[in-house]
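Me: I've got a structure to go through before I set anything up. Can you walk me through it?

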Amino acid sequence: MCFLCVVVPYPSWKTEKRQMSSIRRTPKTENTAKSSCDRDLILKILMIGGPGCGKTSLIRRYVHDAFHSTMRATVGVDFALKQVHRCGGSQTLQLWDVAGQEKGANAIRVYFQAAAGAMIVCDATRLDETLPLAILWKRDIDSKVFVGPKEERIPCILLVNKCDVEPLTQSHKELLDTTCHEHHFCGWLATSAKANTNVAEAFEMITDHVLAFIKRIDDLITKSLNRKSVTLNELDKPTPESRCPC
Ligand SMILES: Nc1nc2c(ncn2[C@@H]2O[C@H](COP(=O)(O)OP(=O)(O)OP(=O)(O)O)[C@@H](O)[C@H]2O)c(=O)[nH]1
Ligand SMILES: [Mg+2]
């Protein structure tokens, strides 16, 4: 049963924190016995990172299999949808392409609201400048989006785009491993929207992490609700004193 879909009013969730309410079932999946893998889900995925790193280009490559060498900077946020089939089920990725310039804007909270996962992009040709920006985006998301009774961070992966121009050195790879470990990214991938390198793999990677995450949160909430119902059942049992004397 997907409790994430019904927005359980957990008392421990602080009011300013966000719940993952956009992980919605489509109507034909009312069968609550299904696991998070084998039902239809709409997953809101954020594409964020510094300006000009190739966020829009990665989405275009994935959704339309196209690449343009001249692109206008995104203003605010753009949207794209992509149907995928992972883990024996079908999912609709709702991709939120947030302009790099939006970092620190007031609307950021609205963009982050109900996100299930994020892809944070930096630029292999400007790693010194764009990796610190990716870390700032990660910190921002971790401070604003929490899910489940234990207020867990949503899964985020780090993409190092434009690897067709600048292949990564061994020391870059070590730096990326350390960054993922220290800042709780699920992992990193070198991508190229231009050469179509690791683009589908990146979207599959975030989808798989999100599906595993939903399952973990579902299990946690189910366990927690089961515990509560056991307690209630026990309260319902008549104690010897409360039995009718006649
Ligand atoms: N060589 C190369 N160029 C790329 C790649 N991806 C994007 N670009 C180019 O980089 C520039 C910026 O790409 P965008 O996709 O607009 O970058 P963005 O991250 O969406 O930028 P903002 O919307 O400003 O945040 C464009 O000129 C793209 O053609 C890539 O993989 N390789
Ligand atoms: Mg863009």
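This is a predicted model: local features need pLDDT of at least 70, side-chain atom pairs count only at pLDDT 80 or more; totals for chains, interfaces and linings use all residues.

Me: Noted. How many helices and strands are in the chain?

Reply: Five helices and seven strands. In sequence order, the pattern reads β-β-α-β-β-α-β-α-β-α-β-α.

Me: What share of the residues counts as buried?

Reply: 35% of the chain's 246 residues.

Me: And the contacts between residues at least 6 apart in sequence, what share joins residues at least 24 apart?

Reply: 71% of them.

Me: On to the ligand. How many residues surround ligand 1, and which are the closest?

Reply: The shell has 22 residues. Gly54, Ser57, Ala73, Thr74 and Gly100 are the closest.

Me: How does that shell split by class?

Reply: Seven nonpolar, 11 polar and four charged residues.

Me: Which element gives the largest share of the shell?

Reply: Helix H1, residues 55–64, with three residues.

Me: Is H1 largely enclosed or open?

Reply: Largely enclosed by the rest of the structure, because seven of its 10 residues are buried. Those are Lys55, Thr56, Ser57, Leu58, Ile59, Arg61 and Tyr62. Ser57 is also among the residues closest to ligand 1.

Me: What happens just after H1?

Reply: Aspartate 65 takes a positive phi there, about 50°.

Me: What else does lysine 82 touch, leaving out residues up to four places away?

Reply: Tyr62, Val63, Leu93 and Leu95.

Me: Buried or partly exposed?

Reply: Lysine 82 is partly exposed, because it has 16 C-beta neighbours inside 10 Å and the cut-off for buried is 20 or more.

Me: New topic, the core. Which residues touch the most other members of the largest nonpolar core?

Reply: Ile45, Met47, Ala118, Met119 and Ile157, out of 54 residues in that core. Helix H5, residues 199–236, gives the most to this core, with 11 residues.

Me: What is isoleucine 45 in contact with, sequence neighbours aside?

Reply: Beyond four places in sequence, Leu93, Gln94, Leu95, Trp96, Ala116, Gly117, Ala118, Met119 and Ile206. Ala118 and Met119 are also in that group of core residues with the most touches.

Me: Which side chains point which way?

Reply: Cys156, Leu158 and Val160 point one way, and Ile157, Leu159 and Asn161 the other.

Me: How does E5 pair with E6?

Reply: Strand E5, residues 117–123, runs parallel to E6, and six bridges join them. Valine 121 stands opposite leucine 159 in E6. The chain gets from E5 to E6 through helix H3, residues 127–144, in a right-handed β-α-β crossover.

Me: And how do E6 and E7 pair?

Reply: In the parallel sense, over four bridges. Isoleucine 157 has glycine 187 of E7 as its bridge partner. Here the chain crosses through helix H4, residues 170–183, and this β-α-β crossover is right-handed.

Me: Which residues of E7 are on the covered face?

Reply: Trp188 and Ala190. Gly187 and Leu189 are on the uncovered one.

Me: What about asparagine 198?

Reply: Asparagine 198 also has a positive phi of about 60° without being a glycine. Its place is the loop between strand E7 and H5.

Me: Why does asparagine 198 count as buried?

Reply: Because it has 20 C-beta neighbours inside 10 Å, and buried takes 20 or more.

Technical notes
Residues are numbered from 1 along each chain as its sequence is written. Chains are lettered from A and ligands numbered from 1 in the order in which they are written. A residue is near a molecule or strand if its C-beta atom, placed from the backbone, lies within 6 Å of it. Helices (H or I, at least four residues) and strands (E, at least two) are DSSP runs, numbered from the N terminus. Ala, Val, Leu, Ile, Met, Phe, Trp, Tyr, Cys and Pro count as nonpolar, Asp, Glu, Lys and Arg as charged, and the others, Gly among them, as polar. A nonpolar core is a set of buried Ala, Val, Leu, Ile, Met, Phe, Trp, Tyr and Cys residues joined through C-beta atoms within 7 Å. A residue is buried if 20 or more other C-beta atoms lie within 10 Å of its own, exposed if 12 or fewer, and partly exposed in between; C-beta atoms are placed from the backbone. Two residues are in contact if their C-beta atoms, placed from the backbone, lie within 7 Å. Two strands pair if DSSP finds at least two bridges between them. A crossover is right-handed if, with the strands pointing away from the viewer, the path from the first strand over the helix to the second runs clockwise.
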